[in-house]
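The exercises below are to be worked through with the sequence and the model open. Each task is followed by a solution in steps.

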Amino acid sequence: SNNKINVAIDGPAGAGKSTVARLVAKALSYVYVDTGAMYRAATWYMMCRGIPAEDTEKVLQHVPELMIELVPDPTGQKVYCNGEDVTTVIRSMEVTSKVSQYSSIAGLRTRLTENQREMAARKGVVMDGRDIGTTVLPDAEVKVFMTASVQERAARRFKELNGAADITLEQLERDIAARDKFDEEREVSPLRCSEDAIVLDTTHMDIQGVVDTIVSYCLAEKDGENSQ
Ligand code: CDP
Ligand code: CDP
């Protein structure tokens, strides 16, 4: 049918959100929106200008000029910040270690939340992040809260690095746990499971299993709407 819905996928780092969200979007011919990439791009932008997260006032002065674009690409998705391709640099350890601090600034969240709502206004969007089901798209027809044990999540990230970064599995586990804690404890739209979300513990699930589960929820939801 042409009845498009919105799908919100939230959860902690390394749960499999972006991998799964991209595949769910592909299966439904929907648009994938990676909100983490937007927070990472904003972080990169401020860091390049030497503006520390602690200087909230200065960060807020620069928020209005932020222009973040997510552009679909055969290789996945390209991220542009004020015209510059930041796809790779936003995944650096420097950005990763600071992103949660910038993400706790209310005025920055307000701005990015507005942008995200605009992207989802015509429906047919699969959006992943931390506050999509609770704050950005509280009316999303399907909400998923994806989790996995911190050991499993760190192991997944470690495997991804493939020896490229100088970090141990134990350090990665500590970094991930610290970022989750910061995201869960911030004042503004913290990482939290929406009451109406489907909780998926993917610790022992493979990617295809998770994708199939979510796609079936989406199809059931679309069918339900058609019969009303
Ligand atoms: O992929 P990974 O789990 O490492 O993180 P991400 O999804 O790229 O998000 C990076 C950081 O951005 C998170 O740790 C949060 O601090 C922040 N974020 C957020 O606050 N709200 C969102 N909707 C998405 C990300
Ligand atoms: O976006 P998020 O931080 O939640 O996680 P991700 O970047 O999509 O996934 C982290 C890694 O775990 C990727 O290398 C995925 O291929 C892998 N993964 C997995 O092994 N099993 C799953 N059920 C989901 C993801």
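**Exercise 1. The shell around ligand 2**

Find which helix gives the largest share of the shell around ligand 2, and describe the shell by class.

Solution. In this predicted model, the largest share comes from α1, with three residues. The whole shell counts 15 residues, and the closest are Gly16, Lys17, Ser18, Thr19 and Arg156. Elements that contribute two or more residues are α1 (17-28), α7 (150-161) and α9 (207-226). Sorted by class, the shell holds six polar, five nonpolar and four charged residues.

**Exercise 2. The contact of α7 with α8**

Describe how α7 and α8 pack: give the distance and angle of their axes, then classify the angle.

Solution. Two packed helices are described by the distance between their axes and the angle between them. Step one: the axes of α7 and α8 (residues 169-185) come within 9 Å and cross at roughly 120°. Step two: angles of 65 to 115 degrees count as roughly perpendicular and those over 145 as roughly antiparallel, so α7 is oblique to α8. Step three: the crossing is right-handed. Step four: α7 supplies Val150, Gln151, Arg153, Ala154, Ala155, Arg157 and Phe158, which meet Leu169, Leu172, Glu173, Ile176 and Ala177 of α8. These contact residues comprise eight nonpolar, three charged and one polar.

**Exercise 3. The sheet of five strands**

Work out the strand order of the open sheet of five strands, then locate α1 against this sheet.

Solution. The order is β2-β6-β1-β7-β8, and the pairing is parallel. β2 (31-34) and β8 (198-201) pair on one side only and are therefore the edge strands. From one strand to the next, the twist averages 20°. Inside the sheet, β1 (residues 6-10) and β7 (residues 142-147) run parallel and are joined by four bridges; alanine 8 stands opposite lysine 143 in β7. Helix α1 packs on the sheet and touches β1, β2, β6 (125-129) and β7. Its direction makes about 180° with that of β6.

Notes. Residues numbered from 1 in each chain as written. Chains lettered and ligands numbered in written order. Predicted model: local features only at pLDDT ≥ 70, side-chain atom pairs only at ≥ 80, totals over all residues. Near = placed C-beta within 6 Å. Nonpolar A, V, L, I, M, F, W, Y, C, P; charged D, E, K, R; others polar. Axes fitted to C-alpha atoms, helices over the stretch in contact; angles between N-to-C directions. Parallel < 35°, antiparallel > 145°, perpendicular 65-115°, else oblique. Left-handed = near helix turned anticlockwise from the far one by under 90°. Contact = placed C-beta atoms within 7 Å. Pairing = 2+ DSSP bridges.
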